[in-house]
Amino acid sequence: MVCAVGSARAVDAPHPVEGTPSVWIVELGGYGVFEPTYLGSRRYGGSFKPQIDIREAGDKEWLSFPNDAFDYSLYETNNFRAGPAADISLQSRLHGQDIDLHLGKADVTLQGGAFFEYYPLDMIRTRVELLQGINGNLGFATNLSADYIWQPREDLVLTLGPRAQIVNDRYASDYFSTQIAFRHHNTYVPYRAEGGLLSSGGEFTSKYDLTSTFSAKFFLDYTQLMSPAADSPRVDLKGASDQVIVGIGGSYKFDIHQ
């Protein structure tokens, strides 16, 4: 699961006067998600992506997405921010020694690293996440995204943009290499996946403010697994290289006074 944080477009507001009580704006919500049961699977199931956003009144609001890693801004300007990032996911890896490619239980993968976000124009967001595996998959991944932001009316925000993920050999091997034999020219051999461009695709999101506190949200992701991930037996023989994720949800915003 990946947690989405943030809101629609960057908005500036004056900081509270020194000595006055602090006001924190909290947004809680999430998405019901229909997605592949593991990366490369042809079977689908349901899950939940929570959303948590906490910021001080007067701070700048930043656009964020359902599949962004958790982040915390240590450095900000009007169109750039950067800081630490973390992500957690559940993805099954291959287990056993038989030709049927039976999947074991999912591994919990915790990643930590940094993010960098830049707006070359008000309506365009670019983002880079550099994440190193801490538990589960111990590989390194770079997540790349860019989005066009369209706000046809004050209470509606639509976005659309490309996605890509580049990984090292360890990351690709943990998910797509197999010690389980598969048939190749009448010989049963193992398969070893190598790093590089793991996937590419795109994401569409929408946010509609029903009231000043309640918002309805939707997102649609399409991902194409690239070779060598797409050539792995778990994908080529038992799964699908085309991956679609759909999420519908909402959020509630409130203030906390200190």
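The score called pLDDT is the predictor's confidence in each residue, running from 0 to 100, and a contact means heavy atoms within 4.5 Å. This is a predicted model, in which local features need pLDDT of at least 70 and side-chain atom pairs count only at pLDDT 80 or more, while totals for chains, interfaces and linings use all residues. Residues are numbered from 1 along each chain as its sequence is written, and side-chain values use heavy atoms, with hydrogens and water left out.

The protein chain has an average pLDDT of 84, and 82% of its residues score at least 70.

| Stretch with pLDDT under 50 | Contacts beyond four places in sequence |
|---|---|
| residues 1-17 | 61 contacts |
| residues 95-100 | 15 contacts |

Strands are DSSP runs (E, at least two residues) numbered from the N terminus, and two of them pair if DSSP finds at least two bridges between them. Strand 12 (residues 196-209) runs antiparallel to strand 9 (residues 156-167), to which twelve bridges join it, and within this pairing Thr-159 stands opposite Thr-205 of strand 12. Strand 12 also pairs in the antiparallel sense with strand 13 (residues 214-225) over eleven bridges, with Ser-199 opposite Leu-225, and four residues lie between the two strands of this hairpin.

Leaving aside residues up to four places away in sequence, Phe-218 touches Tyr-31, Phe-204, Thr-205, Ser-206, Val-246, Gly-247 and Ile-248. Phe-218 counts as partly exposed because its relative accessibility is 26%, a class that lies between buried (under 20% relative accessible area) and exposed (over 50%), with a 1.4 Å probe and protein chains only.
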